[in-house]
Amino acid sequence: MVARPDHARHHASVWLSGVSTGYDGRPALEDVDLAIEPGTLLAVVGPNGAGKSTLLKLMAGLQPAWRGRIEVLGEPPGRQSRRIAYVPQAELVDWSFPVTVSDVVMMGRYPGLGPWRRPGAADRHAVADALGKVGMASHDQTQIGQLSGGQRRRVFLARALAADPEVYLLDEPVTGVDATTQEDLMDILEAEARSGKTIIATTHDLACAAQRFQKVAAVNRRIVAHGPASLVLDPSVLSSTYGGHLLVVGGQTVVLDDAHHHDQAFGRETHFHDDAH
Amino acid sequence: MDAILEPLGSAFFVRALLAAAIVGTVCAVVGTYVVLKGIAFIGDAISHAAFPGVVAAFMLGLPYYLGAAIAAVGTSLAIGVVTRRARIRTDTAIGVLFAGTFALGVFLYSTIQGYVADLFSFLFGQLLSTSVDDLIALSILGGIVLATVGILWKELLYSTFDPLGAAASGLRVEWLETLLLVLVALTIVISLQAIGIILVVAMLVTPAATAQLLTVRFGRLMASGALLAIAASVAGLYLSYWFDVASGATIVLVQTGIFLVVLVLGPRTGLMARRRAVVSSGG
């Protein structure tokens, strides 16, 4: 089970060793070791404030590490940014912003274009393709504020798809969506993982993590467990991840945790609460 | 008809008209980002911070554009640093900067012997005294601002809409945020003579705010903001000429009037829209 560290690092698309970080001097994650290989569909689970979003931000180069080493696609985070796509939590987005569905998905193409080039035929094709995959082709001219919660997650996944990345970092991609949308989005992510992409998604939904993800990392200020979903999602691991917030009722594990609470206790983010239709 | 054509015979009025159109366009384009990013207060702070630069330039016998530009751009860079590094609330830090710099301007102003009408006009604007040199300076600075937005509009849009996603995908969001503040500073310098320090924030915010009531498309928002700003500037200039009143204040009043009319009657927020919504939900 214990691989040589160098071996794991060599084969990993995302690799963290002894990483700690936090906000305003207060630690949020400590001593994180993680090696994630290409083609992995990984769920990051844990209670609110456990550091799930922070873990994604470390990988995206949005949050500096206090200690330890991180490599994303063989380089420090931020260096290979055009080969990763990050999707923030829905509540961090200003949905009243005057952009259409196709504008948002086109943003996925901007970094590859650079400042001097305008979006061309290839970019429009990629946008149409991504919107088709997520089932939003007929809504391309809709202002994003008019979409339902599930449609909003579809559009942001389309933006990530349009960027054609090797690593997807998705913060709560299936939170607050209906069952059909969850199945559709997970089908897309599974297909991307099969084609060799690395997908790392935080989620509150343990049932979804158990059924649809290959691997799970249970996080609570540190990595409590990391491995195949069936091994990680067992009652003893879950109770040490969720502490008192876990209830086992006749073989069913229930997390007493409100998905609408902010994952981040710290940080300086604006949260946009909008009435999704 | 004569009332409209007659002023066009005077060179000073035509210069003022051109200046009003340039100022309106640049303010609306940059103001679109100001409104979407919610940094109107920062715009107000930068414009007040330009005052000591104008007074200092006057005392040293330098062109006022230079003094205003140094003070405004310097303050915008300081605000950029403060919002990222300071451990106090951003609006508090900006409030301190804002009042402190304006006080410095008033202090310097009070050290000058006698009444200086030129300087007073920078507080409230005086479009009709636009000189040929002013017009050249406006065109160059305005051209630089519009060209910068023309090149980087999509990067500015992405980093305003989703700073985290933009930064993760490789856009230099901190750099773009600082650039936007510098563009706001240059826009304010351009508008100082026409509108004046006290009211320039209205030029930045009101056209884009009005356009927001009319459309939910980014391109149309910017274009209709610019058209509204030009229309209000031209109408305000004529009104101020006919009735011999302050041009800057008149332009801002016209803009505010248009905003209120659109707010009440507009397709998205107006009484008509609300009545339609009530009827359709009731039926």
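**A buried strand, a buried helix and a chain contact**

In chain A, strand S3 (residues 41–45) is mostly covered, with five of its five residues buried. A residue counts as buried if 20 or more other C-beta atoms lie within 10 Å of its own, as exposed if 12 or fewer do, and as partly exposed in between; C-beta atoms are placed from the backbone. Strands (E, at least two residues) and helices (H or I, at least four) are DSSP runs, numbered from the N terminus. The model is predicted: local features need pLDDT of at least 70, side-chain atom pairs count only at pLDDT 80 or more, and totals for chains, interfaces and linings use all residues. Residues are numbered from 1 along each chain as its sequence is written, while chains are lettered from A and ligands numbered from 1 in the order in which they are written.

In a regular strand the side chains alternate between the two faces of the sheet. Both faces of S3(A) are covered. A:Leu41, A:Ala43 and A:Val45 are buried on one side, and A:Leu42 and A:Val44 on the other. Strands pair if DSSP finds at least two bridges between them. Four bridges join S3(A) to the parallel strand S7 (residues 198–202) of chain A. There, A:Leu41 has A:Ile199 as its bridge partner. Four bridges also join S3(A) to strand S8 (residues 215–219) of chain A, again in parallel. In S8(A), A:Ala218 is the bridge partner of A:Val45.

Helix H2 (residues 52–60) of chain A is largely enclosed by the rest of the structure, because nine of its nine residues are buried. Among them are A:Lys52, A:Lys57 and A:Met59. A:Gly61 follows H2(A), and its phi is positive, near 80 degrees.

In chain B, the axes of helix H3 (residues 40–60) and helix H10 (residues 200–214) come within 8 Å and cross at roughly 155 degrees. H3(B) is therefore roughly antiparallel to H10(B), a term for angles over 145 degrees. Axes are lines fitted to C-alpha atoms, for helices over the stretch in contact, and angles run from 0 to 180 degrees between N-to-C directions. B:Ala40, B:Gly43, B:Asp44 and B:Ser47 in H3(B) meet B:Val200, B:Val201, B:Leu204 and B:Val205 in H10(B).

Between the chains, 21 residues of chain B are in contact with 24 residues of chain A. Contact requires C-beta atoms, placed from the backbone, within 7 Å. H7(B) gives the most to the side of chain B that touches chain A, with six residues.

Conventions: Contact = placed C-beta atoms within 7 Å. Parallel < 35°, antiparallel > 145°, perpendicular 65-115°, else oblique.
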